Amino acid sequence: MDFLGYGAGPGRLGPVPSASLIAYPNEYYQSPFLDLTQPVSGIELVPAKPGYFPVFSSTKWVIQAVSGSQATPANVNAGSDGAHSNFFASQASPSNANVNASVPTSIIGGPTAAANTVKRILNAPVIMDITSGAQGTGLVLRASLLVWVIWLTASQ
Amino acid sequence: MQDFLGNGLGPTNGLVVFPLETYVTDPIDLTLVTPGIEIIPAKPGHVPFLVGSTWIIEKASGTQTSPPTVQGGTNAAHNNVFTSNTSPANADVTGATPPSISAGVGAAIPSPAAVTANLPVIMDITAGATGTGTFAVVARLSVTIAWFAEG
């Protein structure tokens with residue numbers, strides 16, 4: 001602590017590790033509105049920030065338009081690795097129940113996070129793929145994905 | 001309540017001067033007992049509230065059989081921001097492909113917690129992680145906090 005009794009603040013204070021303020025705040029990103037009935041590859045979900053990687057905090061789908069009935073959800077995955085799976089692994093989302101109950105504009109649960117143990121990659125954007133489109137009866141489904149990330153750093 | 005335009009009047013409480021913030025430590029050898037790690041600096045007039053926490057696993061080898069025990073706070077006992085708890089989890093260390101992550105220190109706060117403004121949050125590793133094989137674990141701790149004013 002300094003002579004005022006405050007902490008010395010961000011920075012390296014001496015023989016034991018001390019905290020530094022992350023340069024980037026918690027952030028939300030929103031994808032464009034997507035036709036979730038169509039497979040689409042290479043949607044940039046979170047941009048790269050030099051020296052940092054984003055940690056998944058939460059996701060939500062923003063349902064812009066829905067009609068008909070969804071019988072099978074879209075399948076999505078996202079990541080900064082080659083397989084696009086270290087942000088959220090391949091999964092079906094949004095659910096039939098949530099889509100069929102939506103009264104747009106509505107917000108429903110999004111994909112869930114990848115396993116803690118997967119390798120993170122600094123300086124790389126998070127890319128999302130819709131590997132299979134949602135299916136249903138007379139289904140029209142347009143939504144965007146909202147993601148909340150915390151930026152962290154690691155040694156490279 | 002609405003104003004004459006039909007809009008809400010908006011926030012009636014004061015804006016907190018400091019936004020939600022994330023701090024991260026330098027890499028720490030979690031196998032060692034280490035007191036006195038400053039994880040959040042003091043902000044005059046404000047008290048930090050722990051919103052979330054994540055370990056960033058920088059190095060892991062061998063098998064962790066017992067996580068380190070950590071605690072943090074602004075008080076003399078260093079336990080009024082998060083009480084003594086064990087993390088990162090054995091599964092996240094033993095299965096890690098660094099850099100990877102693990103759930104951080106618990107947000108469990110003693111209730112009622114006596115808090116004090118103008119003080120840094122100090123963390124202690126009161127027991128180091130133990131394991132088998134060529135066990136080693138080095139990690140950074142990130143903490144995300146909201147600031148609130150002390151009256």
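**A partly exposed asparagine**

Guide: B:Asn118 counts as partly exposed, with 16 C-beta neighbours inside 10 Å. Buried means 20 or more other C-beta atoms within 10 Å of a residue's own, exposed means 12 or fewer, and partly exposed is in between, with C-beta atoms placed from the backbone. This is a predicted model: local features need pLDDT of at least 70, side-chain atom pairs count only at pLDDT 80 or more, and totals for chains, interfaces and linings use all residues. Residues are numbered from 1 along each chain as its sequence is written, while chains are lettered from A and ligands numbered from 1 in the order written.

Visitor: Where does B:Asn118 lie?

Guide: In the loop between strand 7 (100-103) and strand 8 (121-127) of chain B. Strands (E, at least two residues) and helices (H or I, at least four) are DSSP runs, numbered from the N terminus. B:Asn118 has a positive phi of about 70°, though not a glycine.

Visitor: And B:His78, buried or exposed?

Guide: B:His78 is buried, because 22 other C-beta atoms lie within 10 Å. Its phi is positive too, about 55°. B:His78 is in the loop between strand 5 (69-73) and strand 6 of chain B.

Visitor: New topic. Which residues does the cis peptide bond in chain A join?

Guide: A:Ser93 and A:Pro94, with omega about -5°. A:Pro94 is in the loop between strand 7 (88-92) and helix 1 (96-101) of chain A.

Visitor: How many residues of chain A are in contact with chain B?

Guide: 28, with 34 residues of chain B. Contact means C-beta atoms, placed from the backbone, within 7 Å.

Notes. Contact = placed C-beta atoms within 7 Å.
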